[in-house]
Amino acid sequence: MASVKEKSKQNGKAPAAEKTQHPKERYMYWYESMQLQRKFEEKAGQLYGQQKIRGFCHLYIGQEACSSGSYTALTKDDKWITAYRDHGIPLALGSDPKAIMAELFAKQTGSSKGKGGSMHIFDKSVNFVGGHGIVGAQIPMGAGIAFAEKYNKTNNLCITFMGDGAVRQGALHEAFNMAMLWKIPVIFVVENNGYAMGTSVARTSNVTDLYTLAEAYDMPSEPVDAMSVEAVHEAVSRAAERARAGEGPTFLEFRTYRYRGHSMSDPQKYRKKEEVEEYKMRDPIEQVKAAILEKGYATEEDLAAIDLKIKGIVEESVQFAEESPYPTADEAFKDVYMQKDYPFLME
């Protein structure tokens, strides 16, 4: 790792990644995965406006490279945990879009049986240990999940995502210290989209190059241009290699951007439209599309067919959610305790 003086200053970008050749299959996965997330989230935003989705709803639009690039760098046995902007990751991992949409509708057929809603998506089948609503709470949990993998000698790791606001939480520093002390196989990722709700990083932190926070613990860290899915893949690959070699954690600062507000109730008065448009010029999906066409991996017609397929998948997920039943009243007492006859459970 380079010294602080050698590292770039925060400007929304990170140093360009070394050029690596990626196979056609990887590029095609990236395109389809990111498009699914984008179209799913756009539809979720529309449905929220129609009051079919209620409560809090945090969209992942613009940040899709973070999930898709990380996925191709890891194995199917690795664990994932994140904060409450959590629809994109399970979609990248292969969760059924119908179950995710049904959860947004608070339906019984949802991934959390309609009890979690937008902020608490879980899917054990793809090793997604959930979205978590309390800021920073998932950071020590991710370290704990990774410790269990180390204890059981599985050679798996846990990738732990957080927002830029979470790096001001004391739990992060406690987890960083313990993870380095015990060389826990965890990849800590801050998805730095520039704003903790409506407050810029510069207004809440003396340190704006967030990856340098890890240096206090001698933890390897680096900034990543997370508008580039290739750069994300390569950074996570390096971190995973260290983790599996027994070298412990890495802290990655994914410099990304959300095109929509913090949540659906955010009027976005804290940033200029020009800023948003500037980031859209670096859109990760458009970058991958251009690379696919340039390399001859697919034609415009091929990609249009993928787009049409994704549109159908999203429409099916909405229909499934619309037609699914709400949970029955007795569901409130289920899945609370592992012990089904827990003596203090009142009915």
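Q: What order do the strands of the open sheet have, and how do they pair?
A: The six strands run E2-E1-E3-E4-E8-E7, with parallel pairing. Strands (E, at least two residues) and helices (H or I, at least four) are DSSP runs, numbered from the N terminus. Two strands pair if DSSP finds at least two bridges between them.

Q: Which are the edge strands?
A: Strand E2 (128-131) and strand E7 (221-225), each pairing on one side only.

Q: And how much are neighbouring strands turned against each other?
A: By 15 degrees on average, direction ignored. Axes are lines fitted to C-alpha atoms, for helices over the stretch in contact, and angles run from 0 to 180 degrees between N-to-C directions.

Q: How many bridges join E1 and E2?
A: Strand E1 (residues 79-82) pairs with E2 over two bridges, in the parallel sense. Trp-80 has Phe-128 in E2 as its bridge partner.

Q: Is this a predicted or an experimental model?
A: This is a predicted model, in which local features need pLDDT of at least 70 and side-chain atom pairs count only at pLDDT 80 or more, while totals for chains, interfaces and linings use all residues. Residues are numbered from 1 along each chain as its sequence is written, and side-chain values use heavy atoms, with hydrogens and water left out.

Q: What is the mean pLDDT of the chain?
A: The mean is 93, and 94% of the residues reach 70 or more; pLDDT is the predictor's confidence in each residue, from 0 to 100. Over residues 1-12 the pLDDT is below 50, and this stretch has 27 contacts beyond near neighbours in sequence. Contact means heavy atoms within 4.5 Å.

Q: Which strands does helix H5 lie across?
A: Helix H5 (residues 138-151) lies across E1, E2, strand E3 (158-163) and strand E4 (186-192), at about 175 degrees to E3. Helix H6 (residues 170-181) lies across E3, E4 and strand E8 (250-255), at about 150 degrees to E4.

Q: Helix H2: how many of its residues are buried?
A: Seven of the eight residues in H2 (64-71) are buried, including Cys-66 and Gly-69. Buried means under 20% relative accessible area, exposed over 50%, partly exposed in between (1.4 Å probe, protein chains only).

Q: Which residues touch the most other members of the largest nonpolar core?
A: Among its 65 residues, they are Met-101, Ile-187, Val-236, Leu-252, Phe-254 and Ile-292. Such a core is a set of buried Ala, Val, Leu, Ile, Met, Phe, Trp, Tyr and Cys residues joined through side-chain atoms within 4.5 Å.

Q: Which helix gives the most to this core?
A: Helix H1 (residues 24-49), with nine residues.
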